[in-house]
Amino acid sequence: MLDAPETAWQHDAFRDDVIAGLSRPRKTLPSRWLYDDRGCRLFEEITRLDEYYPTRTETTILRDQAAAMAGFAGPAPVLVEYGAGAAVKTAILLEALRPSLYIPVDIAGDFLAQSAARITRRFPELKVRPVIADFTADFDLPAGLPAGVPRCGFFPGSTIGNLDAEETSAFLCRMRAHVGTGGTALVGVDLRKDLDTLLAAYDDRAGVTAAFNLNLLTRINRELGADFPPGGFSHEARWNARESAIEMHLVCRRDCLVALEGRRFAFRAGESIHTESSRKYDLDSLAALAAPCGWAVEHGWTDRDRLFAVAGLRA
Ligand code: AVJ
């Protein structure tokens with residue numbers, strides 16, 4: 001299990017993040033660790049739930065507005081996708097944009113290679129250059145990209161909503177540097193809306209989101225040898241108005257002590273671990289974050305019910 005260098009490195013990063021997060025007065029775990037194999041499968045299942053509107057709404061927007069987006073991005077652009085998991089959405093965009101080069105960026109090398117191979121099977125003519133990188137940290141695009149060819153960044157899925165304020169600004173500036181002056185970006189953002197709709201999307205009746213959230217404790221038990229008691233925590237979705245974010249929490253049902261890597265962490269009944277924030281935007285709040293990096297929000301392609309938007313940014 002631990003022989004691949006990528007896996008060993010990941011294991012250490014996971015352990016450090018868990019220990020740091022559980023040592024804080026308000027306990028927290030970074031949402032990126034929700035996505036082990038089972039977490040990825042559960043997330044897939046979430047995207048098919050009635051209550052979870054973002055994935056199907058964004059796909060519809062891309063389908064309906066792909067031609068306009070292609071006009072916006074310019075002819076035969078270099079397309080850079082941040083996070084390489086959005087098979088269906090990527091295909092829609094590749095079909096419409098006809099890029100001269102596609103650069104999928106992801107931290108998971110094996111997953112990236114698989115999705116690059118799938119894209120190549122579907123678009124045999126397309127040049128694909130995967131880049132293994134963590135898009136929440138600085139990295140360079142491959143050297144020698146053609147000059148004078150427009151570049152377009154693609155950040156779908158409202159993944160931007162999972163970044164904190166600092167990460168969001170840094171990400172927008174990084175993507176601006178990648179595409180250069182005159183470049184564009186297509187960014188999927190989940191829009192502010194009534195609380196019932198939002199809370200249902202993150203606390204579905206079938207309990208899939210609960211299983212997705214609780215899986216993080218199972219993963220910590222398995223990979224870090226911890227002893228979180230089964231059934232000791234419950235899933236909760238909360239609205240944080242100040243942050244304009246839905247938060248996922250794991251709430252402790254009764255006082256308990258958890259051992260992990262020679263340490264002990266005490267939990268009081270009712271205490272929570274904050275595992276994810278999913279920020280909800282409107283186009284103005286996105287524009288305010290993007291402007292200092294040199295972006296203008298030129299378009300907000302949306303659905304009939306204004307649930308979700310694909311923002312068109314120009315540098
Ligand atoms: C990763 C941004 C698509 O925040 O909506 C779904 C993750 N968490 N249900 C989101 C998630 C709980 C999701 N995205």
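Trainee: What makes β8 and β9 a hairpin, and which residue in the turn has a positive phi?

Mentor: Two residues separate β8 from β9 in the hairpin, and Glu261 in the turn has a phi of about 50°. The model is predicted: local features need pLDDT of at least 70, side-chain atom pairs count only at pLDDT 80 or more, and totals for chains, interfaces and linings use all residues. Residues are numbered from 1 along each chain as its sequence is written.

Trainee: How do you know that strand β8 is joined to strand β9?

Mentor: Pairing requires at least two bridges found by DSSP. Five bridges join β8 (residues 256–260) to β9 (residues 263–267), so the two strands pair. They run antiparallel, and Leu257 has Ala266 in β9 as its bridge partner.

Trainee: Why is α2 called roughly antiparallel to α8?

Mentor: Helix α2 (residues 37–47) packs against helix α8 (residues 208–224) at an angle of about 160°, with the axes 9 Å apart. That makes α2 roughly antiparallel to α8, because the term covers angles over 145 degrees.

Trainee: Which residues of α2 and α8 meet?

Mentor: Contact means C-beta atoms, placed from the backbone, within 7 Å. Arg38, Gly39, Leu42, Phe43, Glu45 and Ile46 in α2 meet Val208, Thr209, Ala211, Phe212 and Asn215 in α8. By class, this contact has six nonpolar, three polar and two charged residues.

Trainee: What surrounds the ligand?

Mentor: The shell includes Ile46, Pro54, Tyr202, Thr209 and Glu276, where a residue is near if its C-beta atom, placed from the backbone, lies within 6 Å. Three nonpolar, seven polar and one charged residues make up the shell.

Conventions. Nonpolar A, V, L, I, M, F, W, Y, C, P; charged D, E, K, R; others polar. Axes fitted to C-alpha atoms, helices over the stretch in contact; angles between N-to-C directions. Helix = DSSP H or I, 4+ residues; strand = E, 2+ residues; numbered from the N terminus. Parallel < 35°, antiparallel > 145°, perpendicular 65-115°, else oblique. Contact = placed C-beta atoms within 7 Å.
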